[in-house]
Amino acid sequence: VLFGLALLFVAWDVMDFAAGNPWKNTPLGQRWFELHKNSLLLVQPAIERHIAAWLWPPFQWVLTQPAWLVPAMLGVLVLLIKIVRRRSP
């Protein structure tokens, strides 16, 4: 699912490029804003008030990364965890 989401974001960037826009790796935060602006606007206060204020800057950094990179890296992490679990006794 995560790799499929990464491919979806790459396809979205390709479609933007095919529409005549210059090529760019769109940040995850911008794609989230385009999909559901209100939920993105509620995430910061929810994280800072209900989880931990120190957690927002790393989360914000993740939102500035290319949209395809975040699910791809999470997918790789999940695969590595599965491989390690299978090899452990």
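**Exercise 1. Find which residues Thr 26 touches in this predicted model, leaving out those up to four places away in sequence.**

Solution. 
- Step 1: Locate the residue. Thr 26 sits in the loop between helix H1 (2-18) and helix H2 (28-35).
- Step 2: List the contacts. Thr 26 touches Asp 13, Arg 31, Gln 65, Pro 66 and Ala 67.
- Step 3: Look for a polar contact. The side chains of Thr 26 and Arg 31 make one, at 3.1 Å.

**Exercise 2. Decide whether Thr 26 is buried or exposed.**

Solution. 
- Step 1: Take the relative accessible area of Thr 26, which is 1%.
- Step 2: Apply the cut-off. Buried means under 20%.
- Step 3: Conclude. Thr 26 is buried.

**Exercise 3. Work out which residues are linked with Arg 31 in a network of salt bridges.**

Solution. 
- Step 1: Count the salt bridges. The whole structure has 3.
- Step 2: Start with Asp 13. Its side chain meets that of Arg 31 in a salt bridge, 2.7 Å from N to O. Arg 31 lies in helix H2 and Asp 13 in helix H1, so this pair ties together parts 18 residues apart in sequence.
- Step 3: Go on to Asp 16. Arg 31 forms a salt bridge with Asp 16, and the closest N and O atoms are 2.9 Å apart. Asp 16 is in helix H1 and Arg 31 in helix H2, so the pair joins parts 15 residues apart in sequence.
- Step 4: Turn to Glu 34. Its side chain and that of Arg 31 form a salt bridge at 2.8 Å, N to O. Arg 31 and Glu 34 are 3 residues apart in helix H2, so about one helical turn separates them.
- Step 5: Asp 13, Asp 16, Arg 31 and Glu 34 form a linked network.

**Exercise 4. Describe how helix H3 (residues 37-51) lies against helix H4 (residues 56-63).**

Solution. 
- Step 1: Compare the axes. They come within 10 Å and cross at roughly 155°.
- Step 2: Name the arrangement. Angles over 145 degrees count as roughly antiparallel, and H3 is roughly antiparallel to H4.
- Step 3: Find the contact residues. From H3 come Leu 40, Val 43, Gln 44, Ile 47 and Glu 48. They meet Trp 56, Phe 59 and Leu 63 in H4.
- Step 4: Class them. The contact has 6 nonpolar, 1 polar and 1 charged residues.

Notes
Residues numbered from 1 in each chain as written. Predicted model: local features only at pLDDT ≥ 70, side-chain atom pairs only at ≥ 80, totals over all residues. Heavy atoms only, no water. Axes fitted to C-alpha atoms, helices over the stretch in contact; angles between N-to-C directions. Helix = DSSP H or I, 4+ residues; strand = E, 2+ residues; numbered from the N terminus. Parallel < 35°, antiparallel > 145°, perpendicular 65-115°, else oblique. Contact = heavy atoms within 4.5 Å. Nonpolar A, V, L, I, M, F, W, Y, C, P; charged D, E, K, R; others polar. Buried < 20%, exposed > 50% of the residue type's maximum accessible area, 1.4 Å probe, protein only. Polar contact = N/O pair within 3.5 Å; in protein donor to acceptor, adjacent residues only side chain to side chain. Salt bridge = Lys/Arg side-chain N within 4 Å of Asp/Glu carboxyl O.
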